[in-house]
Amino acid sequence: MITPKMQDALCAHVEQEMYSAYLYLAMGAYCEAKAYKGFGRWLRVQHGEELEHARKVLDYVVARGGQTSLGAIPAPSREFGTITQVFEAVLNHERRVTERIHALYATAVAEKDTAAQVFLQWFIGEQVEEENAATEILDKLRMVGDRPGSALYLDKEYGKRGKTG
Ligand code: FEO
């Protein structure tokens, strides 16, 4: 049985993952409106992954016999600046998510909840990938600077995400 503290911390994290999904949906639409269709697609795929993360945490709480209580999801911004600033915001957001996952893990340790520790290890690994992916895009965007041709090449490349064939 899950402790109330662990249950509440995980339910709060469902909201965080839903906010990530909402944020990336907004960012994706923003990029598409600026003719960066590829980065828009990349962010929409990310939106779908964040929904999966939220469901994964919720399913875990249910599987442990916990009660789910979900709160409101804040509205994301409407303005994200340049394409480089969009991905600076993605990386900063993922770093905050990583901190939250580590705090959840610390709660699992304090609650002596071994199952939650094992469960959260997947998210700890996932955050390494999430930060790495955002860092790679950001590094490339900073490299090309304000050369539109190069930014559009990157847009095309990253727009292949989630496509087969
Ligand atoms: Fe669900 Fe991007 O962390």
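Analyst: The answers below set each value against its definition. This is a predicted model, where local features need pLDDT of at least 70, side-chain atom pairs count only at pLDDT 80 or more, and totals for chains, interfaces and linings use all residues. Residues are numbered from 1 along each chain as its sequence is written, and side-chain values use heavy atoms, with hydrogens and water left out.

User: What makes up the secondary structure of the protein chain?
Analyst: The protein chain has 5 helices and 0 strands, in the order α-α-α-α-α from the N terminus. Helices (H or I, at least four residues) and strands (E, at least two) are DSSP runs, numbered from the N terminus.

User: How do you know that the length of helix α1 agrees with its number of residues?
Analyst: The expected span of a helix is 1.5 Å times one less than its number of residues. Helix α1 (residues 4-33) has 30 residues and should therefore span 44 Å; its end C-alpha atoms are 44 Å apart, which agrees.

User: Why is Ala35 called exposed?
Analyst: Buried means under 20% relative accessible area, exposed over 50%, and partly exposed in between (1.4 Å probe, protein chains only). Ala35 has 52% relative accessibility, so Ala35 counts as exposed. Ala35 lies in the loop between α1 and α2.

User: Why does Lys112 count as exposed?
Analyst: Because its relative accessibility is 72%, Lys112 counts as exposed. Its place is the loop between α3 and α4.

User: What is the phi of Ala35, and what is the phi of Lys112?
Analyst: Phi of Ala35 is positive, near 75 degrees. Lys112, not a glycine, has a positive phi of about 55 degrees. Most residues other than glycine have a negative phi.

User: How many cavities of 30 Å³ or more does a search of the whole structure find?
Analyst: The search finds 1. On a 1 Å grid over the protein atoms alone, a cavity is a set of points where a 1.4 Å probe fits but cannot get out, and lining residues have an atom within 4 Å of a point. The largest cavity has a volume of about 40 Å³, a volume being the space filled by probe spheres set on the points, which are joined across faces, edges and corners.

User: Which residues line the largest cavity?
Analyst: The lining consists of Tyr24, Trp42, Gln46, Val90, Glu94, Glu130 and Ala134. At least two lining residues come from each of α2 (37-63), α3 (83-110) and α4 (114-144).

User: How much of the protein chain counts as buried?
Analyst: Of its 165 residues, 42% count as buried.

Technical notes: 1 Å grid on protein atoms, 1.4 Å probe; cavity = no way out; pocket = protein on both sides within 12 Å on 5 of 7 lines; lining within 4 Å.
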